[in-house]
Amino acid sequence: MGAMTSNPSPVQPRPPLPDNFYAESLLDKVALALFRRLVQREIGYVSSKPGYDGLIEEARHYQLQPGVTAEDQQKMVKTCLATIAGPLVPPVYRTFMAPWFWAPFLTAIFTPPFFKFLVGPNRYDVRDDGQAGGVYAERCRFLEETNCKGLCLHMCKLPTQQFFKETLGLDMTMTPDYDTYECRLSFGLAPKAVDDDPSIPKGCLTGCSAVTALQEKRLDRGTVCGK
């Protein structure tokens with residue numbers, strides 16, 4: 001099974017992962033490089049670290065910039081997603097996919113190979129309500145590497161949900177589990193408001209990588225991280 005590398009939190013216990021769990025295919029590496037270029041262009045910062053480590057450092061750098069709010073983080077990600085979609089995909093999707101019953105199922109079928117570079121191994125599954133049209137990530141790489149609820153919410157969950165609804169015309173709920181670091185995407189299912197979502201804990205996760213930096217920079221956690 002390979003050497004074990006991840007250290008589980010005492011409060012959010014997770015089994016260690018094999019060292020090749022997040023092995024990257026050529027498609028993953030290309031998608032990651034392109035996504036990093038978009039992020040770098042939006043935030044004006046380029047990490048010297050290669051690959052996924054560089055993406056995490058860039059996300060953290062932007063999160064901790066004075067004056068950058070949770071809403072700014074969400075807007076940055078939505079801009080990147082809109083660039084990826086380009087001018088043609090949104091109107092085509094809104095016309096031939098979003099209004100029709102097959103949209104959740106087909107979207108979930110095509111998502112896993114293009115989602116893996118960011119979250120790691122994932123597969124087609126049911127939605128949160130048990131209906132067809134879900135994608136399940138076994139152990140989200142972004143959450144695993146950052147251990148930060150704020151980055152998860154404002155640079156992944158919320159902007160992705162907003163992008164699907166506002167740009168593609170399809171409801172989508174992203175449901176991360178902050179104990180196991182699993183995550184489920186439910187296409188066609190409207191998300192709850194953050195304040196009404198019992199699955200989102202209040203405060204920081206145990207061992208959050210941003211806590212010390214927030215204190216050192218004297219940044220308000222509520223402004224940067226939200227709930």
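This is a predicted model: local features need pLDDT of at least 70, side-chain atom pairs count only at pLDDT 80 or more; totals for chains, interfaces and linings use all residues.
Residues are numbered from 1 along each chain as its sequence is written, and side-chain values use heavy atoms, with hydrogens and water left out. Local features need pLDDT of at least 70 and side-chain atom pairs count only at pLDDT 80 or more, while totals for chains, interfaces and linings use all residues.

**Pocket and cavities**

A cavity is a set of points where a 1.4 Å probe fits but cannot get out, and a pocket is an open set with protein on both sides within 12 Å along at least five of seven lines. Lining residues have an atom within 4 Å of a point. Grid points are joined across faces, edges and corners, and a volume is the space filled by probe spheres set on the points.

The largest pocket is lined by 34 residues. Leu81, Ile84, Phe114, Phe117 and Phe164 lie nearest its centre. Among the elements that each supply at least two residues of this lining are α1 (26-43), α3 (70-85), α8 (149-168) and β4 (183-187). Helices (H or I, at least four residues) and strands (E, at least two) are DSSP runs, numbered from the N terminus.

The whole structure holds 2 cavities of 30 Å³ or more. The table sorts lining residues into nonpolar (Ala, Val, Leu, Ile, Met, Phe, Trp, Tyr, Cys and Pro), charged (Asp, Glu, Lys and Arg) and polar (the others, Gly among them).

| Space | Volume | Lining residues by class |
|---|---|---|
| Largest pocket | about 1000 Å³ | 31 nonpolar, 3 polar, no charged |
| Largest cavity | about 50 Å³ | 10 nonpolar, no polar, no charged |
| Second largest cavity | about 40 Å³ | 5 nonpolar, 1 polar, 4 charged |

The lining of the largest cavity includes Phe115, Val119, Cys140, Phe142 and Cys156. α6, α7 (141-146), α8 and β3 (172-176) give two or more residues each to that lining. Around the second largest cavity, the lining includes Glu24, Asp28, Lys116 and Arg141.

**Core and cysteines**

A nonpolar core is a set of buried Ala, Val, Leu, Ile, Met, Phe, Trp, Tyr and Cys residues joined through side-chain atoms within 4.5 Å. Buried means under 20% relative accessible area, exposed over 50%, and partly exposed in between (1.4 Å probe, protein chains only). The largest core has 57 residues, of which Met76, Phe142, Met155, Leu185 and Phe187 touch the most other members. α8 gives the largest share of this core, 8 residues. Beyond its neighbours within four places in sequence, Leu185 is in contact (heavy atoms within 4.5 Å) with residues including Phe115, Val135, Met172 and Met174.

The structure has 0 disulfides, a disulfide being a pair of cysteine sulfur atoms within 2.5 Å. The cysteine sulfur closest to that of Cys156 belongs to Cys140, 5.8 Å away, which is too far for a bond. Cys156 is buried at 7% relative accessibility, and Cys148 is buried at 1%.

**Helix α6 and positive phi angles**

Pro112, Phe115, Phe117, Leu118 and Val119 are buried in α6. Gly120 follows α6 and has a positive phi, near 90°. Asn147 sits in the loop between α7 and α8 and is buried, with a relative accessible area of 12%. Tyr181 is in the loop between β3 and β4 and is buried at 0%.
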